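Here is a short briefing for a reader who is meeting this structure for the first time. Please look over the sequence and the model before reading on.

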Amino acid sequence: MKLPSESQLLRIFIGEADKFEGKPLYEAIVNLARQKGMAGATVLKGVMGFGADSRMHSAKILRLSEDLPIVIEIVDKPERIKDFLPELDKMIKEGLVTLEKAEVIAYRYNPKNGK
Amino acid sequence: MKLPSESQLLRIFIGEADKFEGKPLYEAIVNLARQKGMAGATVLKGVMGFGADSRMHSAKILRLSEDLPIVIEIVDKPERIKDFLPELDKMIKEGLVTLEKAEVIAYRYNPKNGK
Amino acid sequence: MKLPSESQLLRIFIGEADKFEGKPLYEAIVNLARQKGMAGATVLKGVMGFGADSRMHSAKILRLSEDLPIVIEIVDKPERIKDFLPELDKMIKEGLVTLEKAEVIAYRYNPKNGK
């Protein structure tokens, strides 16, 4: 698979405790991305944050530490991102989804690490 | 609250040990963002990095592990970001602040999780 | 050093276990960035992800926990990023490198924290 220079960065801001069909939403989104053949996905976990409901979540406050912010990043070509969005949309009850332009400089796969 | 499609991503790169009025700077920035009614904020903690002073900070080097890099991300409409910047500016003695275009695809709040 | 308003954000997606000349690739990249006098670098470690080879890496699955995704972020002026890319290119056997526009609002160094 190749990625065109003119690609897009999809970023999904949700909570660690958000669920989809009983499993963590971020895992469900990454699994969907893999099933759909997206070029890759990276999940980052924040240490503090707040979202649309303005509740503060912080690793410092033990009681809330199980709902830390999660950011999922997916870089792919515009058509594939576009196809992915309607399915993603059905999974997200609460959160923020943004799209940015990203120029792909290199996208490389080492066959000896493959499946 | 709604976010327009044409929004902005504000990113603030500081150190975990930076302080503002005796408390961690990243907490002070997130609290200010909440007070000002920003759409959300996410704090990510890095494992290694260096900034303007070129000192290296790394989770591997125990002595320096208390000043790991912090990235704060805030997505909001351009006017609200613009209003936020002068107050943010007074708080940051050292660090990097960047602004990027971000298209908001979804910004959703589930009322049953509200305050 | 100053950064122009019209700067770029270079993002490098690799694996924590990737090596360069026997040491972790992300450390080698950050060290190179410092040697080349780049304005700064931040290393973020993900909790889950997959890349070009579509193998899933997750902090939840113990066996794979040593190859979590790494994102390195470098903000600098376009000329300096351009000079950095050929050397970076030689180091990356597998991964994704993207470039985005980023407007620099502030880039500040506190001399009393210097070397």
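In which loop of chain B is B:Glu21 found? B:Glu21 is found in the loop between β2 (19-20) and β3 (23-24) of chain B, where strands (E, at least two residues) and helices (H or I, at least four residues) are DSSP runs numbered from the N terminus. This is a predicted model, in which local features need pLDDT of at least 70, side-chain atom pairs count only at pLDDT 80 or more, and totals for chains, interfaces and linings use all residues. Residues are numbered from 1 along each chain as its sequence is written, while chains are lettered from A and ligands numbered from 1 in the order in which they are written.

**Chain A overall**
- Chain A has 2 helices and 8 strands, which follow the pattern β-β-β-α-β-β-β-β-α-β along the sequence.
- The C-alpha trace of chain A spans about 45 × 30 × 30 Å along its principal axes.

**Helix α1 of chain A**
- In helix α1 (residues 25-35) of chain A, the buried residues are A:Leu25, A:Tyr26, A:Ile29, A:Val30 and A:Ala33.
- Seen down the axis of α1(A), these buried residues fall within an arc of 135°, so they line one face of the helix; the arc is that of the directions from the helix axis to the C-beta atoms.
- Just after α1(A), A:Gly37 takes a positive phi of about 75°.

- B:Glu21, a residue other than glycine, has a positive phi near 50°, and B:Glu21 is exposed, with 7 other C-beta atoms within 10 Å.
- C:Glu21 lies in the loop between β2 (19-20) and β3 (23-24) of chain C, and its phi is near 50°, a positive value in a residue other than glycine.

Terms used:
Buried ≥ 20, exposed ≤ 12 C-beta atoms within 10 Å, placed from the backbone.
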